[in-house]
Amino acid sequence: ISLAFVGFTNTPGIILNALKGSEVTGIFGVSQIISNPLSIIPVTLSAALFPIISGLSAKANPVKSQRKLINLVLKYVFFINLPINVVFIFFADNLILIFSSNLFLSSSILLPILIFAALFFGLGSLFNSSLYAIRKPFVSRNITLLTTGLFLSLAFPLTFFFSSLGMSIAYAI
């Protein structure tokens, strides 16, 4: 999961810079820097849940306990992240001004999309690591490969036609 996180956080900048230049990359980068920390909570809870779910796999009939723990972590993720996400969306311009300058205010259009993408990435991490922990490593691997392939196949055409907005959409998908 951590390799996927590194790939998903670095690849958009490379693609944007190659197709659209450094100005567009900077606009996207400001929104990405602000939104990426929002995935830390679900990714951290996912990492904490992994050994517990994995340990339950060794017991007889672990499905009910595993489902209960995953649902509990999911509730905590939504309880913590959703209010933060709403605040980030409503105060997008202010956040951009705190972390950069008024030259990057145009990135406030991208911020809601990237906030959704960060939450979606965190939830994906939770579900994908849980699949791995319940002894379905091939399903987990296939999901990672499929989503990476989907991202790369969408990122180039969407970026080419819609610039940083296209990359944000591909990143969210």
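The protein has 7 helices and 0 strands, where helices (H or I, at least four residues) and strands (E, at least two) are DSSP runs numbered from the N terminus. This is a predicted model, in which local features need pLDDT of at least 70, side-chain atom pairs count only at pLDDT 80 or more, and totals for chains, interfaces and linings use all residues. Residues are numbered from 1 along each chain as its sequence is written, and side-chain values use heavy atoms, with hydrogens and water left out.

Start with the whole chain in view. Its C-alpha trace spans about 60 × 30 × 20 Å along the principal axes. Of the 173 residues, 39% count as buried, that is, under 20% relative accessible area with a 1.4 Å probe, protein chains only.

Next, select residues 40–56 (H3) and 111–133 (H6), whose axes come within 9 Å and cross at roughly 10 degrees. Axes here are lines fitted to C-alpha atoms over the stretch in contact, with angles running from 0 to 180 degrees between N-to-C directions. H3 and H6 are therefore roughly parallel to each other (angles under 35 degrees). Show side chains at their contact (heavy atoms within 4.5 Å): Leu49, Phe50 and Ile53 are among those from H3, and Phe121, Leu126 and Tyr132 are among those from H6.

Finish at H7, residues 137–172. Its end C-alpha atoms span only 24 Å, whereas a straight helix of 36 residues would span 52 Å, taking 1.5 Å times one less than the number of residues. Where does H7 kink? Centre on Phe162: the kink there is about 150 degrees, the angle between axes fitted to the seven residues ending at a residue and the seven starting there.

Notes: Buried means under 20% relative accessible area, exposed over 50%, partly exposed in between (1.4 Å probe, protein chains only). Angles under 35 degrees count as roughly parallel, over 145 as roughly antiparallel, 65 to 115 as roughly perpendicular and the rest as oblique.
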